[in-house]
Amino acid sequence: MSDIPSEMTAYVVNKYGDSNVFEDRTVETPSPDDDEVLVEVAATSVNPIDAKIRRGDLPDLSPLLPAILHGDVAGTVAAVGSKVTKYNVGDRVFGLAGGVTDYPGALAEYTVTDETLLASVPENIDFEAAAALPIAGLTAWEMVVNEAAIQSENQVLVHGGTGGVGHFAVQYAAATGADVVATVSSAEKADQAGNLGATDTANYETESVQAYTAEYASSGGFDVVIDTVGDENLARSFEAVAPYGTVVSTESSSVPRPDLLHEKALSLNLVLTIVPLLTDEPLSRLQEGLKNLSKHTSAGDVSPLIDSVYELSDVEQAHRRAEHPDRIGKVVLEN
């Protein structure tokens, strides 16, 4: 590591709060353990979990303060541990840095991560696009493929069709040949959802669940509802899905209208991509997901939708934009 500086700039959270709590600090550059890779960070992106940890909404998932947040990372391998076999110095990689519990995040010039949590950057995208892939893309893959097992004959509703996870879910679902309806809140978002593969769109601010379900679903409801909003929105999902249908969600701190779950004999599946980072589950599940994400990105089946790109030093503005309701796709930071 002779060419790697002993110190680096990191953007840390020393207290929970609004987006203005980030501080730039000079900290020691981490060294990789035997099975770890040191990545020179080229880009990262903002996910809802990053904002929730920053606000203090998820204390059980938060690293000890002062904390370096952000799970998504893309960059160049700067050094490898003695047992690393998959990567060499100079390789372009993307994946999960952590930003939760004991795993340091990517809001810094360098970060370390287990080699299992990385994949090679597809040749057809740059670092900024690669940084938009990991958590959102993996979550959409879990929802559409592993949990819902969407088939070509299905009618699918995706809530939040141009959001971070939603825009990947629309693409994955459309790639199966299924009819995909995406909920949006503007004409611009409707156009974007159509470009991503949605067959139709419904404006959730002006159209009722009953109205768009009656218009677009032919069997008393959608076969599958991918709910990237969750919580109170689950009630809309339960209304929109057909009897014996499946709802997959990323948020479940509350489950409204449980009566509909029973009356319609519904399946409710919940997804939290980072479970292997929080439990003793093998990291190989994430490795397999990253490989699939890389393969489908290389093939052009999925492509990240980027709302805006900020410098790493503008993390406050990036978080503010990521939480704005007009955002479309992912907010990325480049180093």
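Select Trp 141 first: with a relative accessible area of 13%, Trp 141 is buried (buried means under 20% relative accessible area, exposed over 50%, and partly exposed in between, with a 1.4 Å probe and protein chains only). The model is predicted: local features need pLDDT of at least 70, side-chain atom pairs count only at pLDDT 80 or more, and totals for chains, interfaces and linings use all residues. Residues are numbered from 1 along each chain as its sequence is written, and side-chain values use heavy atoms, with hydrogens and water left out.

**The aromatic pair**

Rings of Phe, Tyr and Trp (its six-membered ring) pair if their centres lie within 6.5 Å; planes under 30 degrees apart count as stacked, over 60 as edge-to-face and the rest as tilted. By this rule the count is one aromatic pair. Trp 141 and Tyr 172 form that pair, edge-to-face, at 5.2 Å centre to centre with 70 degrees between the planes. Trp 141 belongs to helix 3 and Tyr 172 to helix 4 (residues 166-175), so the pair ties together parts that are 31 residues apart in sequence. Helices (H or I, at least four residues) and strands (E, at least two) are DSSP runs, numbered from the N terminus.

Next, display the open sheet of six strands, whose order is 11-10-9-12-13-14 with parallel pairing; two strands pair if DSSP finds at least two bridges between them. Strand 11 (200-203) and strand 14 (267-270) are the edge strands, each pairing on one side only. From one strand to the next, the twist averages 20 degrees.

Within this sheet, select strand 9 (residues 155-159) and strand 12 (residues 222-227), which run parallel and are joined by four bridges. Leu 157 has Val 225 in strand 12 as its bridge partner. Helix 6 (residues 209-216) packs on the sheet and touches strand 9, strand 10, strand 11 and strand 12; its direction makes about 165 degrees with that of strand 11. Axes are lines fitted to C-alpha atoms, for helices over the stretch in contact, and angles run from 0 to 180 degrees between N-to-C directions. Helix 5 (residues 187-196) lies across strand 10 and strand 11, at about 155 degrees to strand 10.

Now centre the view on Thr 183, in strand 10 (residues 179-184). Is Thr 183 buried or exposed? Thr 183 counts as buried, at 2% relative accessibility. Leaving aside neighbours within four places in sequence, its contacts (heavy atoms within 4.5 Å) include Leu 157, His 159, Ala 202 and Tyr 212.

**Strand 6 and its partners**

Move to strand 6 (residues 92-96), where four of the five residues are buried. Strand 5 (residues 72-80) runs antiparallel to strand 6, with five bridges between them; Asp 72 has Leu 96 as its bridge partner. Strand 8 (residues 118-120) is also antiparallel to strand 6, through three bridges, and there Ser 120 stands opposite Val 93.

**Backbone details**

Finally, inspect the backbone. Most residues other than glycine have a negative phi, and most peptide bonds are trans. Leu 65 and Pro 66 are joined by a cis peptide bond, with omega about 0 degrees. His 70, in the loop between strand 4 and strand 5, has a positive phi of about 90 degrees and counts as buried at 0% relative accessibility. Ala 149, in the loop between helix 3 (134-147) and strand 9, has a positive phi near 50 degrees and counts as partly exposed at 40% relative accessibility.
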